[in-house]
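Colleague: I would like to learn how to read a ligand site. Please take me through one.

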Amino acid sequence: MGKLVIFSAPSGSGKSTIVNYLLSLGSLNLHFSVSATSRMPRGCEKEGHEYYFLTPEAFKEKIDNDEFLEYEEVYENRFYGTLKSEVQRILDNGGNVIFDIDVIGGCNIKKYYGDQALSVFIMPPSVEELRLRLEKRATDSPEVINERILKAEFEMTFAPKFDIVIVNEDLETAKAETFEAVSLFLNS
Ligand code: 5GP
């Protein structure tokens with residue numbers, strides 16, 4: 001029976017880099033759970049790769065048909081969710097599932113799967129450091145950065161609900177620590 005590894009973190013904490021690193025190691029047999037969303041594709045995002053892109057109506061229809069393991073309406077008509085069929089497809093093929101998901105969705109999936117799942121919270125070293133990283137990235141205005149910091153502070157209050165917390169002070173160290181914890185879990 002395959003297992004599930006859930007990653008959640010405030011944005012800017014290096015979560016996606018760590019998830020991509022684990023995926024690049026074929027040895028862990030991890031397969032990315034592609035979420036569904038009703039937001040529009042950004043840049044070069046492709047259907048079925050970053051997300052399954054649905055209209056708000058199609059998303060709501062799937063909610064009514066009980067097709068989601070969990071979902072959230074982040075803003076009005078902007079939904080994100082994990083399809084039961086996506087997780088089942090990976091497990092049926094003998095794989096382990098890896099999720100890159102927000103903190104609330106992460107807690108919900110952990111609750112549903114219990115010991116079959118490992119939930120990992122990637123923590124930035126501090127709020128000050130997170131601010132510096134977001135400023136260095138220079139993709140957001142000061143207002144957006146402030147919003148992200150407020151959201152990050154809220155999200156960080158969820159860390160104790162996760163099985164393990166990895167502090168990403170140094171990326172290589174965080175990758176190594178994560179690899180060790182995930183392989184221990186998958187091989188136990
Ligand atoms: P973005 O629009 O930047 O791709 O994602 C926005 C947020 O939605 C991120 O925090 C991401 O982790 C979260 N998210 C992505 N997929 C899911 C999902 O399946 N369920 C939930 N609850 N959140 C998700």
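Modeller: We start with the pocket and then turn to the ligand. This is a predicted model, in which local features need pLDDT of at least 70, side-chain atom pairs count only at pLDDT 80 or more, and totals for chains, interfaces and linings use all residues. Residues are numbered from 1 along each chain as its sequence is written, and side-chain values use heavy atoms, with hydrogens and water left out.

Colleague: Where does the ligand sit?

Modeller: A molecule sits in a pocket if more than half of its atoms lie within 2 Å of the pocket's grid points. Here the ligand sits in the largest pocket. A pocket is an open set of points on a 1 Å grid over the protein atoms alone, where a 1.4 Å probe fits, with protein on both sides within 12 Å along at least five of seven lines; lining residues have an atom within 4 Å of a point. In this model 40 residues line the largest pocket, with Ser11, Lys15, Arg42, Tyr51 and Tyr80 nearest its centre.

Colleague: Which residues are closest to the ligand?

Modeller: A residue counts as near if one of its heavy atoms lies within 4 Å. The ligand is surrounded by 14 residues, and Ser35, Arg39, Tyr51, Glu70 and Tyr80 are the closest.

Colleague: What polar atoms lie by the oxygen and nitrogen atoms of the ligand?

Modeller: A polar contact is a pair of N or O atoms within 3.5 Å. A polar side-chain atom of Tyr80 is 2.4 Å from a ligand oxygen, and a polar backbone atom of Gly81 is 3.2 Å from a ligand oxygen. An N or O atom in the side chain of Asp102 lies 2.9 Å from a ligand nitrogen.

Key:
A polar contact is a pair of N or O atoms within 3.5 Å; within protein, one must be able to donate a hydrogen and the other to accept it, and residues adjacent in sequence count only if both atoms are side-chain atoms.
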